[in-house]
Amino acid sequence: MTDVAVRPTPAVLDRNRVVTWLQDYGVYAAIAVLIAINTAIKPSFFSMDNFRVQAFQVVPVLIVALGMALVITTEGIDLSVGAVIALSSAVIPLYLGYGPWLSIVIALVAGCVSGLLAGLMVAVANVQPIIATLALMIGVRGFAVILNGASAKSVTDETIGALGLDSWFGIPQEVWIAVVIVLVVAFVVRRTAFGRRLTAIGDNRAASALAGLPVKRVLVAVYIISGLLAAIAGVFLVGHGGYADPSNYGLNYELSAITAVVVGGTPLTGGRIKVLGTVAGAVFMQLVAATLIQNNVKNSYSQMVEAVIIIGAVYAARGRSGR
Amino acid sequence: MHALIGENGAGKSTLIKVMTGVYEPDEGEVRLRGEEVAFASPLAAQEAGISTIYQEVNLVPMMSVARNLFLGREPRRYGLIDSTRMKREARDILRDYGVHVNPARPLRSLGLGAQQMVAIARAVQIDARVVIMDEPTSSLEAREVETLFGVIRRLRDQGIAIVYVSHRLDELYQVCDRVTVMRDGAVVRVDDMSAVDRITLVSLMLGREIGDVRTHGATGFADAEHQVKGAPVVAARNLQRRHQLDGVSVEIRPGEVVGLGGLLGSGRSETAKAIMGALPLDGGSVEVGGTTTRRTVAASIRAGVVMLPEDRKAEGIVPSLSVRENIVLAALPRITRAGLVDRAKQDEIVDYFMKRLRIKASSPDQRVSELSGGNQQKVLLARCLCLDPKALLLDEPTRGIDVGAKAEVQGVINELAEQGLGVLLISSELDELIEGSDRVVVLKDGRVVGELTGDDVSQDTLMTTLAEAPPEPDLGAPGAPEPDTTEEERHD
């Protein structure tokens, strides 16, 4: 009864088509436009140096946003990612004595443990994701500051510094790693049973449970992945900055990540994910910020511009789903 | 009192949406009391006196019953909502509809049937001249349907026109004066209800000859009994759950269709879910093929038990996934190697079942939410069957799907039983339950109150069993304010 073919009037159809197109490709088009405008204003924008500057800023956000996209697909949200960045940065100087790689591994494990806690709260104790991760966001940052002490500690290790600064074949190491992570996440989402379950659970949890899907296991895994990715971002930030500063690292990253996910076209209602869209969302927001800064627009104005973009993106997303 | 009928996809919903201002017609006009009208929005139609009750309850679950009833036109005093008066009036109004509840309770704490009654009461209160009811009885139990019909007759006597959409032909003959039959987006007949007999009606809807329909019978089930053999494939013993199940035992043998009879809230769905491991139990055991299974859905599926859930939308389809992904959803462990989905195997399964069940979709990539109800149900059936089950639990397998798809689904059930599957069939449609089942276990208030076998499997004996069964003192006596509290958990 409810699925009768609908024949909307032509005007409605056109609007829908525009909105659909905007939602699918708008971000990519906007990136192209921004690059074109910037290059026109200042040709040096389209240079390797500028590319590196932008890359170092966008990579940590992008990596965190990928985890966030996975969580959002399950109808959840992970506010603890910024705090996990701080935790990961706090752990590194503590274990640097055992060698850079071991300290990195421990930092990543710490991220996973935080994610595990979030996942258990959400999946087993049935705490709402926003509450569970809000608690972690506060608690984990506090813990990170205790571990490290209030002041920033310098990290002068070569390996970690290289991750944050050096290049392979002229392109920063962290960009290469980010590319690998994007490919892995895209592959997992498209080709694995886990990816299929992820979207099914976000789309209709009751149906998924009745179809025998391991709902709890998938939810816990998703939050662990989000924690792991945030910890990786933390390692890059330490490497790039040369010091660990848990009271300031990762602040507002959860919001930047959510913005990237939303602008990239993943609906907050779950059940659908756009991996490349999320990447584009992060790149786009970075370019917007860069454009405004390089043209000497005041920070407060650029925040307002970002707000308009977020609302526009959410409006486009809504126009499509809310029929 | 006008009946509007047709198969799924005949255009009934679209017609209703045009009448109520949801869609604008490309051509043609809508006349209200002889005057041409064009509604810009559903609100405009409402203000003109056209009020609609949709299939799914369309209210605010967290608000109180009284607030829902008066939403948007609350009685006021000194500019504030006069909640005392609102509650008192709500109580009086609802009493006419056979709903005896405290109007201060949140709506969602009511059973689905009672919620539907509130929706109907609300629609009628809005000073309506035309009331459109889209399958209002699909979630009501027999007693509530009677109350509703009482209300409908009273409205008719007051000179209110009613458009009544339903798949249940019995109801149409009971309350409707005239009928419009639609097929493929066009009206095929308008006549007095009494001038069209049942078989003509069905043939008009299907667009088939009368003789053709008759050979198919009222349902798609063959009359012959199945070859029942061997030890039970599923044996549920003494299932216990507070307020819902009180020692239910059911056995299903290979090749047998066991019907679960009973009214709304008698514990039928709960029994199926308990067997499936989807409902925590206080006591009892479920054996599949002679061994006790772990009480999880995944373990039940591995043991060979699958379930078709009652509520297709809420518990069945995953709307934004494709037909293909929906079919293999539960079978993922079988077509996955090292975490990767084996696409060749997946396509083989999907292809086979789309052909076998004649699922009509533009391609396996089509989103399942775009299919008609009948095809969605077939997708869910395919999801069950591709698991190679030994036992199939079917909860309202033909609810809300058109006559053609219904007969097809019933035919498949029959075929499966012939192939040796054990089937548990839950259906509110007596025809289907009686003709489809070899044996009927009758439930009332969460207890087994009788079992019909052989020639006793008939509508009369089922009703007698239900009527004669003594009320159970422990579990809310009948006539208590909300007899279907058992339905609550599902909707929370």
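Colleague: In which order do the 6 strands of the open sheet with S16 and S22 in chain B stand, and what is the pairing?

Modeller: This is a predicted model. As a general idea, sheet strands pair through backbone hydrogen bonds, and the pairing is either parallel or antiparallel. Here the order is S16-S19-S20-S13-S21-S22 in chain B, and the pairing is mixed. Strand S16 (305-308) and strand S22 (447-453) of chain B are at the edges with a single partner strand each, so one side of each has no neighbour in the sheet. From one strand to the next, the twist averages 20°.

Colleague: How many bridges join strand S13 to strand S20 of chain B?

Modeller: There are 4, between residues 257-261 and residues 422-426 of chain B, and these two strands run parallel. Leu260(B) has Ile426(B) in S20(B) as its bridge partner.

Colleague: Which strands of chain B does helix H10 lie across?

Modeller: Helix H10 (residues 268-276) of chain B lies across S13, S16, S19, S20 and S21, at about 150° to S19(B).

Colleague: What is the order of strands in the open sheet with S4 and S10 in chain B?

Modeller: The order is S4-S7-S8-S1-S9-S10 in chain B, with 6 strands and mixed pairing. S4 (50-53) and S10 (186-192) of chain B are the edge strands; each has a single partner strand, so one side of each lacks a neighbour in the sheet. Strand S9 (residues 178-183) of chain B pairs with S10(B) in the antiparallel sense over 6 bridges, and Arg183(B) stands opposite Ala186(B).

Colleague: How many residues does each chain give to the contact?

Modeller: Chain B gives 39 residues and chain A gives 26 residues. The chain B side divides into 17 nonpolar, 13 polar and 9 charged residues.

Conventions. Residues are numbered from 1 along each chain as its sequence is written. Chains are lettered from A and ligands numbered from 1 in the order in which they are written. This is a predicted model: local features need pLDDT of at least 70, side-chain atom pairs count only at pLDDT 80 or more; totals for chains, interfaces and linings use all residues. Two residues are in contact if their C-beta atoms, placed from the backbone, lie within 7 Å. Ala, Val, Leu, Ile, Met, Phe, Trp, Tyr, Cys and Pro count as nonpolar, Asp, Glu, Lys and Arg as charged, and the others, Gly among them, as polar. Two strands pair if DSSP finds at least two bridges between them. Axes are lines fitted to C-alpha atoms, for helices over the stretch in contact, and angles run from 0 to 180 degrees between N-to-C directions.
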